[in-house]
Structures are given as C-alpha cells and as structure tokens.
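Please look over the chain shown below before reading on, and keep it at hand while following the text.

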Amino acid sequence: MTTPLTTAVRPTLGFIGAGRVARALACAAGHAGYEVTVVASRRLDAAQRIASALPGCEALPIHGPQDMNTVFSRANLVFLTVPDDAIATCAAHLAPLAGQALVHCSGASEIELLAPATQQGAQMGGFHPLFLFAGLDDDATRMRGSAITIEADTPLRDTLNDLASAIGCRALSIPARERMRYHAGANYAASFLLCLLDEATSLWQAIGMPEDDAREAMWPLVMGTLNAARERGLPGALAGPVSRGDTGIVARHTEALASMGGNHATLYSLLTLRAIHLARQRPNADNTALDAIAHTIAPYLPPFPPEGGDV
C-alpha cells in the first residue's frame, strides 16, 4: 500500500521505463534521500541495473499492461519514462488512484496524453530535464545545475518543485499546450548545436583539413564562445563579421559557400539573419551596416511569408 501524495511527506517514487532518463533521475532522487521503490521495464536487465544501485528498489518485468499497474502498489509518484510514441498507449492502461500521480518526462508531449490514467482522481504532470542524457554513469551528477520544466497543478506541482530542488536542479514552469515551441527551442540548444558543428567540420574538410583535426580545433572556439555568452549575454558575446558590420566579408562568405552547391549558403544566410537580430540588441548597433548585410544575404534566403523578413 502507498500513502497519498502530499507536500508534507516525500513521496515514494516509481519508474515505468528504464532508459537513460529513468536511470539518471532515479539515482539522483535516491542520492537526495528519496525512496525509489520500483523500476519496471520490458527490459528486465535495464530495470535491474537501476534498482541494484538503490537500496530497497525492486525491478519488475513488464509483460503486459497489468504489469505496469503493479508499480502503483509500490509508489505514489510514478514517472513514465518511455518514448513519446508510447506515452498515450501506456496511459490508456494505467489506473493510479486518488492521492497518486503519473508524470511523464517528455519535453514534446502534452500532459493531456496522461488524462486516461486520471479517471480515479490521480494527478498528472510533466517533469522534463533540460539536459543531454548521454547514458553515462555520472549523468545523475552532471545533471545538477540543470533546469527542469514542470507542468502540473498543486499539490503535485509543489511536490515536483521540491524534487527538482533536492536533486540540485532549478524548477521552471511551462504553460499548458506550449510544449512544441518549448521543445523546439531545446533542440536548438542541444541537437541543432551539434548540427552546426557538423557543418563547420564539413567546411573545413572541404578545404583538405583532416576530420579529426577539424573537430579538435573546434573545442576551444566553442567553449570560449559559450563561456563568453554566459558571462556577457548572447548579444555581448557575438563576434565575427556581423558584429563588426563587415558587409564585404559576409558577401564573400556567401559567394564561397554558394559555389559549393547544396544548401551551405542558405544555412549561412539564415543564421546570419539571427546574428543581425543579436547585433541590433547592442547599445551602439550600427543599423545602417546591419541593413546592408541583410541586403547582401537576401538572394540566398528562401522566400518568406509577407510578415517575414529580417528578424
């Protein structure tokens, strides 16, 4: 039996799904003094790997829908850490009771997908860490300092805020039905950043630089840029021809990239629009020079809707 979820007593935690997110969150919560009682998964070995690191935690195999509901007899706050496409299917078979809660850890899926599981009065919510889980043994430690976006009504919201704080993270709220724009933004800060580094590597390889040398050469530049952005803000850290108002260099960049074919010049020009947007935020922005740069890249941009243009 489990006790009802309240803000006065720390909840017992359970996990359905035993991937990277479950492993990091379960270990972080356990280290913070929370009682993680059960991890259930179709992959029993993955569940056992997590449970073995947490005193008193049980690993359960999932052979069918009813096996998932067993988790609610052992925990009153259950995290659904399964792929996005499986969230609705799982929720349709889950039946937590009043006083319990089901929370998914997806950044892209609305929490309404969990609604079928709340027919007996359970609460539902979202708990999405803004962190790149690499599946490493120290993910739970490296996650400290990250933000976690939370969507839930009270008292569950307060319970999740407390958990985020206990594991060393910062709780942020996210409005209802805004997860698509939120998650798209997270993609820019994570996966799309990798895509830009891949583009840089490709350009350097195109001039004959070995791939390993190109990747190694990037890291001081990348880390220096990120450190500057953290200290000085995004507009203050902006460097390069746009920050200097150097129209001639931008023109030569786009010509060189266009000569390669493909979409190199288009990608460069779209990102230059964003650089112009940042540069305009500086106190002494040279808007005449920035207008000239925008005019220079215009031929390489895809057509925008009428309300589009220079951002």
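The paragraphs that follow go from the whole chain to its sheet, its cores, a pair of helices and a few single residues.

This is a predicted model, in which local features need pLDDT of at least 70 and side-chain atom pairs count only at pLDDT 80 or more, while totals for chains, interfaces and linings use all residues. Residues are numbered from 1 along each chain as its sequence is written, and side-chain values use heavy atoms, with hydrogens and water left out.

The chain has 13 helices and eight strands, where helices (H or I, at least four residues) and strands (E, at least two) are DSSP runs numbered from the N terminus. Its C-alpha atoms fill a box of roughly 70 × 45 × 35 Å, taken along the principal axes. Of the 311 residues in the chain, 40% are buried; buried means under 20% relative accessible area, exposed means over 50%, and partly exposed lies in between, with a 1.4 Å probe and protein chains only. Among the contacts (heavy atoms within 4.5 Å) with a separation of 6 or more, 58% are between residues 24 or more positions apart.

The strands can be followed across an open sheet of eight, in the order β3-β2-β1-β4-β5-β6-β7-β8 and with mixed pairing; two strands pair if DSSP finds at least two bridges between them. At the edges are β3 (58-61) and β8 (170-173), each of which pairs on one side only, and the twist from one strand to the next averages 25°. Strand β6 (residues 123-129) and β7 run antiparallel and are joined by five bridges, and G125 has A152 in β7 as its bridge partner.

Next comes the nonpolar interior, where a nonpolar core is a set of buried Ala, Val, Leu, Ile, Met, Phe, Trp, Tyr and Cys residues joined through side-chain atoms within 4.5 Å. The largest such core has 39 residues, and those with the most contacts inside it are L13, F15, L77, F79, F127 and L160. Elements that each supply at least two of its residues include β1 (12-16), α1 (20-31), β4 (77-80) and α6 (156-166), and the largest share, seven residues, comes from α1. Leaving aside neighbours within four places in sequence, L77 is in contact with residues including L5, L13, V103 and L160. Apart from this core lies another, of 19 residues, among them A75, L80, C90 and L102.

Two helices further along the chain can be viewed as a pair. Two packed helices are described by the angle between their axes and the distance between the axes. The axes of α12 (residues 264-279) and α13 (residues 287-297) come within 10 Å and cross at roughly 170°, the axes being lines fitted to C-alpha atoms, for helices over the stretch in contact, with angles from 0 to 180 degrees between N-to-C directions. That makes α12 roughly antiparallel to α13, a term that applies to angles over 145 degrees. In this contact, S269, T272, L273, I276 and A279 of α12 meet L290, I293, A294 and I297 of α13.

Finally, two loops hold backbone details. Most residues other than glycine have a negative phi, and most peptide bonds are trans. The peptide bond from T154 to P155 is cis, with omega near 5°, and P155 lies in the loop between β7 and α6. R177, in the loop between β8 and α7 (179-189), has a positive phi near 60°, and R177 counts as exposed because its relative accessibility is 62%.

Terms used:
Angles under 35 degrees count as roughly parallel, over 145 as roughly antiparallel, 65 to 115 as roughly perpendicular and the rest as oblique.
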